[in-house]
Amino acid sequence: MTLEAWYMDSSEEDQRKPHRLNPNQPVPLKELNQLGVFYWKLNADIYEADPELEKIRKEQGYTYMDILSIRKDTLPDYETKNSVRLSLQLKMFFTEHLHLDDEIRYILDGRAYFDIRDKQDRWIRIDLGKGDLITLPAGIYHRFTLDETDYTKVMRLFVGEPVWKAYNRPADDFEIRQKYVASLKAF
Ligand code: KMT
């Protein structure tokens, strides 16, 4: 089971680039687990009838699911017509925020990055590809971006009726944020 993550540089360059430090500073899965992030590797080719996915959904109570394809058009009118909403949404996804519920995402195709904050408030970039299912805990500050391939197809899972509302940082007074921060002290 492999999942690659690393500490990010602070350059303002294109968010879709890897932004690794030089030399690279990897973050092992165990460290992600201590931040409340969990991971499964599945076979995305059989997601429509995958007993392993079914088992996870049942055990975790992920009753809701939908699928989004996210593609940055390379057409010159990317910022116009139908692409405007997607472009705005991508901007929102990359604005640091938290949710009141866990965020559960399963990459069915393509690639994407999730960035999360560690305990010292440093950015960790998590590199996701086809077959990667990740859960981010409620209350963690994070953001999402496509990588340079500009395409991902992602399954969103949720316990019960989905609530996608994002609260941009600062959201430190939220009970869920305080609960999350307190949970980190256990380590
Ligand atoms: C979020 O709110 O962080 C996201 O939904 C990320 C994008 S997953 C399609």
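Biologist: Which strands each supply at least two residues of the shell around the ligand?

Modeller: They are strand E3 (64–71), strand E5 (103–110) and strand E9 (142–145); strands here are DSSP runs of at least two residues, numbered from the N terminus. This is a predicted model, in which local features need pLDDT of at least 70 and side-chain atom pairs count only at pLDDT 80 or more, while totals for chains, interfaces and linings use all residues. Residues are numbered from 1 along each chain as its sequence is written, and side-chain values use heavy atoms, with hydrogens and water left out.

Biologist: Which residues are around the ligand?

Modeller: Leu68, Ile70, Phe93, His97, His99, Glu103, Arg105, His142, Phe144 and Val154 are around the ligand, each with a heavy atom within 4 Å of it.

Biologist: And which polar side-chain atoms lie by an oxygen atom of the ligand, for example in Glu103?

Modeller: Glu103 has a polar side-chain atom 3.0 Å from a ligand oxygen atom. For His97, a side-chain N or O atom is 2.9 Å from an oxygen atom of the ligand, and for His142 the distance from a polar side-chain atom to a ligand oxygen atom is 3.3 Å. A polar contact is a pair of N or O atoms within 3.5 Å.

Biologist: How much of the ligand does the protein bury?

Modeller: The protein buries 97% of the 290 Å² that the ligand exposes when taken alone, with accessible areas from the Shrake-Rupley method and a 1.4 Å probe.

Biologist: Changing topic, by class, what is in the shell around the ligand?

Modeller: The shell around the ligand has five nonpolar, three polar and two charged residues.

Notes
Polar contact = N/O pair within 3.5 Å; in protein donor to acceptor, adjacent residues only side chain to side chain. Helix = DSSP H or I, 4+ residues; strand = E, 2+ residues; numbered from the N terminus. Nonpolar A, V, L, I, M, F, W, Y, C, P; charged D, E, K, R; others polar.
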